[in-house]
Amino acid sequence: TQSTWGHSECLFFFRPQLVCFALHSTTMASRPTWNKKRKFVADGIFYAELNEFLRRELAEDGYAGCEVRVTPQRTEVIIRATRTKEVLGEKGRRVRELTQCVQRRWNFPDNGVELFAERVLNRGLSAIAQAESLRYKLMGGLAVRRACYGVMRFVMENNAKGCEIIVSGKLRAQRAKSMKFKDGYMIFSGHPYDTMVDRAVRHVFLRQGVLGVKVSIMLPHDPSGKSGTPHTMPDHVVILNPKDE
């Protein structure tokens, strides 16, 4: 089938469990010299579209975000996931299919883009992974309260400072309502909210309607940044030991 994508013609190639896009227009790989504003907008659109595609394709494999690195030789896409074995596939077949898909969609030259899989060290501190976990629990028919408390307990057992889960929609009756579950310490404003709180939103398509799921995790402090955030709260006070005279 044919449809329009902005001002350009787009063809959809359907494969088993895979959707490939090919654009007949100006793309990421062959674009003219733009001013800075257009470049940032184009990079943002590229990242948003790539992230959405990978999220839909790798939802069952614990997809937890991606990172795009542009080098003079090629563009590298690092896919973060909890189950990297499933992302790579048998003998790397699945990641090669994804690479071909991205290459065709954005018109990259041969060997112009490469996909890598990186394992999430602590999935209990990944809001995206926990939102997907909660989504599959709700789709499986588990009660909302039981599913949310299970996810929240798992997050807090992984040394998170705090956790908040909001589920809204037609939970039991026909009337829509919102349920909020909290545990630990959580902030909601200022710059630390952007650097210290990991957030994710997912939609659960059920027979009675759509549920909205929002998971917020207050990350612990870790100077290396591997199992937490290297940032600290602005009001955090460190008392040093007195010097020996």
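What covers the buried residues of α5? Among what covers them are α4 (127-139), β7 (162-169), β8 (177-184) and β10 (210-218).

Before selecting anything else, a word on ground rules. This is a predicted model, in which local features need pLDDT of at least 70 and side-chain atom pairs count only at pLDDT 80 or more, while totals for chains, interfaces and linings use all residues. Residues are numbered from 1 along each chain as its sequence is written, and side-chain values use heavy atoms, with hydrogens and water left out.

**Stop 1: the whole protein**

Helices (H or I, at least four residues) and strands (E, at least two) are DSSP runs, numbered from the N terminus. Of the 245 residues, 40% count as buried; the classes are buried under 20% relative accessible area, exposed over 50%, and partly exposed in between (1.4 Å probe, protein chains only). Among contacts between residues at least 6 apart in sequence, 51% join residues at least 24 apart, where contact means heavy atoms within 4.5 Å.

**Stop 2: helix α5**

Select residues 144-157. This helix, α5, has 14 residues and reaches 20 Å from its first C-alpha to its last, close to the 20 Å expected at 1.5 Å a residue. That expected span is 1.5 Å times one less than the number of residues. Now show the side chains on the covered face: Val 144, Ala 147, Cys 148, Gly 150, Val 151, Met 152 and Val 155 are buried. Step just past the end of α5 to Asn 159, which takes a positive phi of about 70 degrees.

**Stop 3: salt bridges**

How many salt bridges does a search of the whole structure find? It finds 15, each being a side-chain nitrogen of Lys or Arg within 4 Å of a carboxyl oxygen of Asp or Glu.

- Select Lys 182 and Glu 164, whose closest N and O atoms are 3.9 Å apart. Lys 182 lies in strand β8 and Glu 164 in strand β7, so the pair ties together parts that are 18 residues apart in sequence. Lys 182 is exposed at 53% relative accessibility, whereas Glu 164 is buried at 6%.
- Select Glu 52 and Arg 55, with their closest N and O atoms 2.9 Å apart. The two are three residues apart in helix α1 (residues 36-57), so about one helical turn separates them. Glu 52 is partly exposed at 29%, and Arg 55 is also partly exposed, at 22% relative accessibility.
- Select Arg 74 and Glu 76, where the closest N and O atoms are 3.6 Å apart. Arg 74 is partly exposed with a relative accessible area of 28%, while Glu 76 is buried at 17%.

**Stop 4: Ala 64 and Ser 126**

Select Ala 64 in strand β4 (residues 63-70). Ala 64 is buried, with a relative accessible area of 9%. Not counting residues up to four places away in sequence, Ala 64 touches Arg 80, Ala 81, Val 120, Ser 126 and Ile 128. For a distance check, draw a line to Glu 132: Ala 64 and Glu 132 are 68 residues apart in sequence and 9.2 Å apart in space, C-alpha to C-alpha.

Next, move across to Ser 126, in the loop between β6 (113-119) and α4. Is Ser 126 buried or exposed? Ser 126 counts as buried, at 8% relative accessibility. With neighbours within four places in sequence left aside, Ser 126 is in contact with Ala 64, Val 120, Asp 198 and Ile 217.

**Stop 5: the largest pocket**

Finish by selecting Arg 80, Val 120, Gly 225, Lys 226 and Gly 228, which lie nearest the centre of the largest pocket among its 22 lining residues. Elements giving two or more residues to this lining are β6, α6 (191-196) and β9 (197-205), and α6 gives the most, with three. The pocket's volume is about 600 Å³, taken as the space filled by probe spheres set on grid points joined across faces, edges and corners. On a 1 Å grid over the protein atoms alone, a pocket is an open set of points where a 1.4 Å probe fits, with protein on both sides within 12 Å along at least five of seven lines; lining residues have an atom within 4 Å of a point.

Colour the lining by class to see nine nonpolar, seven polar and six charged residues. Here Ala, Val, Leu, Ile, Met, Phe, Trp, Tyr, Cys and Pro count as nonpolar, Asp, Glu, Lys and Arg as charged, and the others, Gly among them, as polar.
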